Structure formats: structure tokens, C-alpha cells
Amino acid sequence: MTTYGTIPTAPQDASLDFISSAKDQARNALATRRPWKEMIHLHAFAVPHGLPEATLRMRTNVAYFRTNYAIIILLIVFLSLLWLPISLIVFLIMMAAWLFLYFLRDEPLVVFHRTIDDRIVLAVLGVITLLVLLLTHATLNIVVSLVIGLVIVIIHAVFRKMEDLFVDEEGGGGAYSPVKGGERPSDEPSTSSS
């Protein structure tokens, strides 16, 4: 029996499946990142008129720009550890552990035939990361860099107006609504008197 025209295939390697799965998940996670130009558009900044508006802006912007904010904070922590090579190596190892054990998993984590809840994985990884970084004597650098990152995020979130934030998912566009969990606004008439 001849098999002209068929392409021989080798069995898939499990490590290649993991790498391609990790690439897909990283691409999907970065897909939620908003364009940097949209984030720093100069005409989109204004002082809020009061505490309720500032709080609403902060909640909306943190939800909308969350991936950008995470990148900013991680970059600031990374830069603060450049002068502490041991801490930087530990930070990179812990980032790899976070990626492998938390962010890039498709299936639940199973240890000794028991499924571990994601909240437990998150708590354990958080505690281990803090303990290991504290043991490298980089406590002050990490705390200061986290505070700087959070201050930058809060300032941006409070002063960035929300009127021009759009979600273009499911083929349509519409203003981002934190009240509706990011859904597009409905066609129903507005009942507010503003």
C-alpha cells in the first residue's frame, strides 16, 4: 500500500505542547493590555470634581488598565533590584515559579492526587515570594519600589478621565462601564438626570 502525498508526522512532544500553550496564554494575557498612547493621552487628564468622582475614576481605570498597571509596577520593582544582583536573580526565579504554577496553568494544580485551590496557590506563592525576597535583604528596595509603583498607578487612575475608554469586544464598540462589569451599554434610554 502506497501513501503518496501524505505528510509524515512525529508524535507531539509534551514539552512543545507546554511551550505553545504558554505562548498562547501569554499572548492572551497581553491582549488585555491597552495601548500606551491611550493610557497617556494628554487631553484625557483632568482634576476630579470630588471624592466620589475620584473613586469612580480609580475603580474604572484600574479595571480598564490593569495589565498596563501591573507591567508598570513589575518594571519599577525590577529596576529597583538592578543594583542587588542576588535579589534580582531570586525575583526572576520567583517570576518563573509564578508563571509556571499560577499564570500559565490550564489544569488545576494536583499534589499527591489532591487538587489545590487557586487561592491556596496564590497565598503560598505570595508568602514564599515575600519570604525569599526578604531573606535577600532587599526589603527596603522592594517596599519603596512597590509604594512608588502604587502611587504612580493611583495618581494616573484618579486623574485619567474615563469618557473616552472603549471596549471593542464581540465585534462592537461602546463605552466602558464599571457598573455593568465592562459590558457595552444597552440601547435602553438613560434614567439619570445628569
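User: How is a helix defined here, and in which helix is Ser80 found?

Analyst: Helices are DSSP runs of H or I, at least four residues, numbered from the N terminus. This is a predicted model. In it, Ser80 is found in helix α4, residues 66-80.

User: Is Ser80 buried or exposed?

Analyst: Buried means under 20% relative accessible area. Ser80 has 15% relative accessibility, so Ser80 counts as buried.

User: Which backbone oxygen does the side chain of Ser80 reach?

Analyst: That of Val77, at 2.7 Å.

User: Which residues does Ser80 touch, not counting those up to four places away in sequence?

Analyst: Ser80 touches Asn141 and Ser145 on that count.

User: Now the aromatic rings. How is a pair of aromatic rings described?

Analyst: By the distance of the centres and the angle of the planes. A search of the whole structure finds 2 aromatic pairs. Take Tyr64 and Phe65: the ring centres are 4.9 Å apart and the planes stand at 90°. Planes over 60 degrees apart count as edge-to-face, so this pair is edge-to-face.

User: What are the values for Phe65 and Tyr69?

Analyst: Phe65 and Tyr69 lie 6.1 Å centre to centre, with 55° between the planes. That pair is tilted.

User: Which residues form the aromatic cluster?

Analyst: Tyr64, Phe65 and Tyr69 form one cluster.

Conventions. Residues are numbered from 1 along each chain as its sequence is written. This is a predicted model: local features need pLDDT of at least 70, side-chain atom pairs count only at pLDDT 80 or more; totals for chains, interfaces and linings use all residues. Side-chain values use heavy atoms; hydrogens and water are left out. Rings of Phe, Tyr and Trp (its six-membered ring) pair if their centres lie within 6.5 Å; planes under 30 degrees apart count as stacked, over 60 as edge-to-face and the rest as tilted. Helices (H or I, at least four residues) and strands (E, at least two) are DSSP runs, numbered from the N terminus. Buried means under 20% relative accessible area, exposed over 50%, partly exposed in between (1.4 Å probe, protein chains only). A polar contact is a pair of N or O atoms within 3.5 Å; within protein, one must be able to donate a hydrogen and the other to accept it, and residues adjacent in sequence count only if both atoms are side-chain atoms. Contact means heavy atoms within 4.5 Å.
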